[in-house]
Amino acid sequence: MDFGYTPEQEALRQEVRAFIKPNMTRELLEEMEDLNEGFGVSRVRGRGPRVDELFKKIADRGWLGYSFPKEYGGQGKDRISQYIVEEEFARVGIAVGLAGSGAPAILAAGTEEQKREFLPKLISGEYSFALGFTEPQAGADLASLQCRAVRDGDYYVINGQKMYTSAAHVSTHIYLMARTNPDVPRHSGISIFIFPMDVPGMTVRPLWTIQNEPRAPLGTTYGAARTNETFFDDVRVHKSALLGKENEGWGVGSMGLNLDRVGAARYLISVRRDEDIVNWVKANKFDGYSPANDPAIRDKIAELWIEAQVCRLMTMRSMSIVEHGGNFTYEGSAEKVWAPEHGVRTSEAITQMLGPYAQLLNGSPHAVEKGIFAHNLMGAFQSGINHGSVQVMRDQIARRGLGLPSGRRAQGPRQ
Amino acid sequence: MDVLLTEEEKMVRDSAREFFEAECSTTLVREMEIDPKGYPPALWRKAAELGWQGMALPEKYGGQDLPLLYLGLIFEEVGRAVAPLPLHSTVVAALTIAKDGTEAQREAILPAVVRGDAVLTWAFTEQDPRFLPDAVHMQAVASGDHFVLNGTKLFVDNFVAADQCLVACRTAPGSKGDAGLSLFLVDTKSAGLSHTPLVTLAKDKQSEVVFENVRVPRANLIGELNQGGPIVERMLDRATALLCAQMLGATRKDAEMAIEYAKYRVAFGQPIGAFQSIQHVCADMIVWIDGGEMLTYEALWKMDQGLPASVEVSQAKAFCNEKCEAVVRFSQIIHGGIGFMMEFDLHLWFRRVSAWTMRLGTSYEHRARVAHALIDLPGRVVLGRPVPVVAEA
């Protein structure tokens, strides 16, 4: 076991910090406030001139795709170093990592052609994927998905509907899970396709979240104003859009989801509130009352801080596993239970430390830190739902990690 | 950064596990609960042959000079087996002698510890149960080339078996806090010493120890006079981190028993482990134990690197106290009535883990230490960077 960073990694952190400080201009921050869509402002191009310019500078430093192989547009560095770059940028609201991008799954399961086509452009920000996983009736039961892809010569014809296709309105491609064989056990008939958003037959309809009216400040947990539902109406895609083999999409998707969870972004959305509240109570008083001296608040802050350390260490464990080849049994699920629930506990505890101030939203008189604590409360639980709910994660820990048996379950119609 | 066990670390853990599986049955554990000394000397010697007492002691005295982290792996297995050995009190005192004692003290004590010929312990707590220097009132008064000790120490682990005991005393009358403390090496056969066994939840061997004009040679002072505070604090930090490892090993075994039980115990027509209400509790148990382990090993690793680790130690103990107790409680609940029966072994773990949560600092005390470092000391905190805040270049 080694809990330290190498001198080179520490130097990298200082280098990234030194870069960030002069580059975070007031104009850039204003543009970022406008672009904020949760998980930080991403590299997706063409959204704003100052963000584009910043990402060009970051790319020139070689900090995009830091741990991806050089032949696919990365830098071939270790995963921990990539984490350090991600962490420093995530703290200022910029998402340089590739968590949630689909890139790790392509690296693991894509053909050579797909890797060469997609990875360099995902890394540079020229491409970005909307994730087409769940559906109106599916919720967390992803394997019950009904969206159909039917082979027709060299093409597949896709019909169905996807829910919560976040960023579908700004993405270049969709990473879609669809059913290719309805006559086999439900996990065995699913395939993954990647194709451009502008193919005929796709419609994207916005769904507005509760968290962004008024607009959530930068750094809000989750923080997205908008997600989408996406409709597929006789969408024809070439067979080369398949990622991995036909009907083996469940394995590719699960592995991709595990890898997509690893990194600084998910860790920081769960724990940055802990830093915020400690630093806030150190610096602020209400008339003569200092929350920093309140024994109940001190005890709760320490408790949350300790929980946050566990979030960090579970993230470090996931990255250690990736460095050793990425063979997760339950550890990714453990991280995905602990960290989101911790984030909720912190968001709720802060409301009980600040009392009525915690209800003030962005722009209100007397709002604390632009109302971020109120906006957080509306979205913190979201992290326990998206990308695999904490209940499903617990099922996976129990069954895959601990070998507990599957029980009788309500059997829906097999799709 | 690689928080997974190396091959060598796995070997250390596995060999200790195999040893206890072969040598330490629950029958033995039960026998030692009513044994006056509380441990089997033969097993103690075998542990010495494996080098455990001397694992982290300097090679010069026969030890192996291995990191505390390795010792943590051993203590996890001691906990897993709920092995009735005075290893914790001995190793904690021996490490303090190795790090802060004089050459003469080390030569007199450490080789015997390594050989398995000595049992050590330490005494800190008096009436006030807090692990704070302010809780120490016992006086040691200089008298020629001796100090004279008067007072009462409580909860002294394995005193009944110990040859030597490190004793924290106040040597500057009227002093408070860290200042004015000194640590003495006291022969347990000294005139004026008496002890009364306490009857404990874990059925381990703890004593009230009364010092009546106990004369201790000046040469037995550990470190400088009145400078014992930091020595004691480091000793307690090491003791706490190693106790966390021991708790976690016991707690993991306890959880595994509940998980196995849930696989074959049938109720309502299926194994109870197929019910999600049981599955989700079991998942949480493992998440908590894993979390406690990483907190604990990070603390031990920091000590091995010579870095400040008090905050990390407190993080680990506060977390382990609450989570380990919750795990062993849930394990009792999953077992139902049978876990409440004396003839069933589960209580051997339940009682010990519960007792260990109460020793070496409560959750409240450790969180107070963390809160102090976070809130009362200057600088903006950042998760993953040192707390108290250290200025970075």
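## Backbone features of chains A and B

D65(B) sits in the loop that runs between α3 (41-49) and α4 (68-80) of chain B. In this predicted model, the phi angle of D65(B) is near 55 degrees, which is a positive value in a residue other than glycine. D65(B) counts as partly exposed because 13 other C-beta atoms lie within 10 Å, where a residue with 12 or fewer would be exposed and one with 20 or more would be buried.

A positive phi, near 55 degrees, is also found at K370(A), again a residue other than glycine. K370(A) is placed in the loop between α10 (331-354) and α11 (372-379) of chain A, and K370(A) is buried, because 21 other C-beta atoms lie within 10 Å.

| Chain | Residues joined | Omega |
|---|---|---|
| A | E213(A) and P214(A) | about 0 degrees |
| B | V387(B) and P388(B) | about 0 degrees |

Among the helices of chain B, α5 (residues 87-100) comprises 14 residues and reaches 20 Å from its first C-alpha to its last, close to the 20 Å expected at 1.5 Å a residue. Helix α5(B) is mostly covered, with 13 of its 14 residues buried.

How values were computed:
Residues are numbered from 1 along each chain as its sequence is written. Chains are lettered from A and ligands numbered from 1 in the order in which they are written. This is a predicted model: local features need pLDDT of at least 70, side-chain atom pairs count only at pLDDT 80 or more; totals for chains, interfaces and linings use all residues. Helices (H or I, at least four residues) and strands (E, at least two) are DSSP runs, numbered from the N terminus. The expected span of a helix is 1.5 Å times one less than its number of residues.
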